[in-house]
Amino acid sequence: MSNVKEQIENDIKTHKIVLYLKGTPEMPQCGFSAATVECFKKLGVKFHAVNILEDVKIRQGVKEYTNWPTIPQVFINGKFIGGCDITKELFENGELKKMVMVEGETKA
Amino acid sequence: MLNPEQIEKAIVNALPGAAVKVMDTTGTSDHFDAIVVWNGFEGKSLVEQHQLVMTPLKDAFDGPLHALALKTYTPEKWKQLKARLR
């Protein structure tokens, strides 16, 4: 379990934007994962995607790590942002764009 | 199998006094839409608000519940939203 936690922490530290998905960005296996990917594609930003269907330990581990029972899950600069609903809401009100820009500047 | 009333009950039990509406949008008893208005959301981030609603449903998410499309509002925010829609 601690290995899984380390792996997640490493992922979210290494990449500015990390999406834990059912399926891949190209072939999402769930409409909610697809809708989440779509928000970031529309912003034209790069992101790191983890397909939790390929790793049952990560699937369980990320849920415990965030205390969040569903997939997808979005991290920006190491911080848990939320799932599909929150991502869509932040995209629609312009906050997501700001977060990606501002967070990008602070990290750069 | 789940029905909207069971989910509403679980949420209200965890968030006393919350106004909760759950709808089975697909008719398949596994995808639901929910609106939750609660004064306990005051001062909490969106993530924290959603966590408060989802945590009591944790076990259901490991079983029959696939998705809950969620909107959370403080009573103040809900009032503003209703005014805008009027």
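Here is a short chat about a predicted model with chains A and B.

Student: Hi! How many residues of chain B are in contact with chain A?
Tutor: Twelve residues of chain B are in contact with ten residues of chain A.

Student: Which parts of chain B supply that side?
Tutor: At least two residues each come from α2 (46–54), α3 (58–61) and β3 (67–73) of chain B. The most come from α2(B), which gives five residues.

Student: And what classes of residue are on that side of chain B?
Tutor: There are eight nonpolar, three polar and one charged residues on the side of chain B that touches chain A.

Student: Back to α2(B), then. Which of its residues are buried?
Tutor: Those are B:Gln49, B:His50, B:Val53 and B:Met54. They span an arc of only 125° around the axis, so they sit on the same side of α2(B).

Student: What do those buried residues pack against?
Tutor: Elements of both chains: β4 (79–82) and α4 (84–92) of chain A, together with α1 (4–14), β2 (31–37), α3 and β3 of chain B.

Student: New topic: how do α2(A) and α4(A) cross?
Tutor: The axis of α2 (residues 31–43) of chain A comes within 9 Å of the axis of α4(A), and the two cross at roughly 30°. Angles under 35 degrees count as roughly parallel, so α2(A) is roughly parallel to α4(A). The crossing of α2(A) past α4(A) is left-handed.

Key:
Residues numbered from 1 in each chain as written. Chains lettered and ligands numbered in written order. Predicted model: local features only at pLDDT ≥ 70, side-chain atom pairs only at ≥ 80, totals over all residues. Contact = placed C-beta atoms within 7 Å. Helix = DSSP H or I, 4+ residues; strand = E, 2+ residues; numbered from the N terminus. Nonpolar A, V, L, I, M, F, W, Y, C, P; charged D, E, K, R; others polar. Buried ≥ 20, exposed ≤ 12 C-beta atoms within 10 Å, placed from the backbone. Arc of directions from axis to C-beta. Axes fitted to C-alpha atoms, helices over the stretch in contact; angles between N-to-C directions. Parallel < 35°, antiparallel > 145°, perpendicular 65-115°, else oblique. Left-handed = near helix turned anticlockwise from the far one by under 90°.
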